[in-house]
Amino acid sequence: MNENLMLVLALTAGLLLGAIFFGGLWWTVRKGMSYKQPALIFFGSMLLRTGVVVAGFYLVSDGHWRRLLACLLGFVIARFIVTRLFGPPLQHIDAPAQEASHAP
């Protein structure tokens, strides 16, 4: 297959992997605190998301560094897209106000 086509497919796969990773992170942060054991949910989510992404990078690259680089580029682009779609994190109303620090 044409190498340029393979690079475009690797970039697309990176976009998909990034959407899975950062979309999963967004979901975990939104829903994680509603569980009885949030630490277990956060840790399990991290392991699952990281495992999927590492396996995806390995399969996409197939030993070619250019494919790996294209996949990584797509992954980083997906981060910006997910951040733009879902917006900045919400500010909690219950959080204490930031106090000015004074020297003792």
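Helices here are DSSP runs of H or I at least four residues long, numbered from the N terminus. The model is predicted, so local features need pLDDT of at least 70 and side-chain atom pairs count only at pLDDT 80 or more, while totals for chains, interfaces and linings use all residues. Residues are numbered from 1 along each chain as its sequence is written, and side-chain values use heavy atoms, with hydrogens and water left out.

**Stop 1: threonine 28.** Select threonine 28, which sits in helix α1. Is threonine 28 buried or exposed? Its relative accessibility is 2%, so threonine 28 counts as buried (under 20% relative accessible area, with a 1.4 Å probe and protein chains only). Now show the backbone oxygen of glycine 24: a polar atom of the threonine 28 side chain lies 2.7 Å from that oxygen. Leaving aside neighbours within four places in sequence, threonine 28 is in contact (heavy atoms within 4.5 Å) with Ile41, Phe42, Ser45 and Arg49.

**Stop 2: α1 and α2.** Select residues 3-31 for α1. The axes of α1 and α2 (lines fitted to C-alpha atoms over the stretch in contact, with angles from 0 to 180 degrees between N-to-C directions) come within 10 Å and cross at roughly 180 degrees. That makes α1 roughly antiparallel to α2 (an angle over 145 degrees).

**Stop 3: α2 and α3.** Select residues 38-61 for α2 and residues 65-86 for α3. Their axes are 8 Å apart, and the helices pack at an angle of about 140 degrees. The contact is made by Val53, Phe57, Val60 and Ser61 of α2, and by Arg67, Leu68, Cys71, Leu72 and Phe75 of α3.

How values were computed:
Helices (H or I, at least four residues) and strands (E, at least two) are DSSP runs, numbered from the N terminus. Angles under 35 degrees count as roughly parallel, over 145 as roughly antiparallel, 65 to 115 as roughly perpendicular and the rest as oblique. Buried means under 20% relative accessible area, exposed over 50%, partly exposed in between (1.4 Å probe, protein chains only). A polar contact is a pair of N or O atoms within 3.5 Å; within protein, one must be able to donate a hydrogen and the other to accept it, and residues adjacent in sequence count only if both atoms are side-chain atoms.
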